[in-house]
Amino acid sequence: MVDQSAIRHYLANFYKHREPFIEEMEQYADEFHVPIMDRAGMEFMLGLLYLIQPNTILEIGSAIGYSSIRMAKAFPNLKIVTMERNAERIIKAKHYIGESGYSDRIRLLEGDALQLVDQLPEDLKFDVIFIDAAKGQYKRFFELYEPFLAEKGVIISDNVLFKGLVAENADLVDDRRKRALIKKIQNYNEWLMNHPGYDSTIIPIGDGVAISKKKGEQ
C-alpha cells in the first residue's frame, strides 16, 4: 500500500504556485495553530465550486478569512457572508480581508453562528453553505441555516473525518473531551448520510469533506 503521506507530498507539488499573500496566511495559521482548510481540501473545494459556479456563499467559521479570500479570488462575481466568534481571529480576518481587496464582496458577521441567524434577511438565499466551525455543533448549524439554501444549492461540511478518528471506537479514547467530540462527529455523519431530504457523500480528502445536495434536484 502506498504511504498516504507520500501521496500528500506528491499533490502538494501542484499547490506551490500561490501569491505570497496566501502563503503568508498559511504560515500564520501554521505558526499560531489556527484551523484553516488544508491545501488539498481547499483545492478540492475550489474545484467543486468551479462546477457549481455559485454567486453567493454562506461560510460558518471564518477563522482568519483564508477560505473566504481563496473563494473570492477564484470567483470575481462571488459574494460571501462569513461568520466568526473568536475575537482574536476576527481581528486577523478583518486585516486579511482588507488587505485582499475583497472587502466589498466578503461580509464578516461577528459572533456565535448559532445566534446570528436573525442578522440574515429571511428571503436571502445562498448557492452554497460551507460549514467549518465548531465540529460539535454541525447538526445545529445545518438545521439552522438550511432554510437559506437556494433551490439547487449545496451544503459542504469540512473536517468530518476528524483526522481519521471517526473510524475508531470513541469509547477507547482516554481524553473525555476528544471522546465526546468524536461521537458528535460520528453522529453527524450518520445523520447526514441518512438524511431523507439530501443525497450526501463524504470525500476522504484533507480532513474529510461532506457534500450534500437536496434530493430530486439536478
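Good morning. I shall begin at the residue just after α2, H33, which takes a positive phi of about 55°. Please keep in mind that we are looking at a predicted model. H33 is not a glycine, although its phi is positive. Its place is the loop that runs between α2 (20-31) and α3 (39-52). Is H33 buried or exposed? The relative accessibility of H33 is 67%, and the cut-off for exposed is over 50%, so H33 counts as exposed.

Let us now turn to α2 itself. The end C-alpha atoms of α2 are 16 Å apart, which agrees with the 16 Å that its twelve residues should span at 1.5 Å a residue. Which residues of α2 are buried? They are F21, I22, M25, E26, Y28 and A29.

What do the buried residues of α2 pack against? Their partners are α3, α4 (66-74) and α5 (87-100). On the face turned away from the buried side, α2 carries the exposed residues P20, Q27, D30 and E31.

N159, a residue other than glycine, has a phi near 65°. N159 is found in the loop between β5 (149-158) and α7 (176-193). The relative accessibility of N159 is 14%, and the cut-off for buried is under 20%, so N159 counts as buried. H33, by contrast, counts as exposed. Thank you for your attention.

Key:
Residues are numbered from 1 along each chain as its sequence is written. This is a predicted model: local features need pLDDT of at least 70, side-chain atom pairs count only at pLDDT 80 or more; totals for chains, interfaces and linings use all residues. Side-chain values use heavy atoms; hydrogens and water are left out. Helices (H or I, at least four residues) and strands (E, at least two) are DSSP runs, numbered from the N terminus. Buried means under 20% relative accessible area, exposed over 50%, partly exposed in between (1.4 Å probe, protein chains only). The expected span of a helix is 1.5 Å times one less than its number of residues. Contact means heavy atoms within 4.5 Å.
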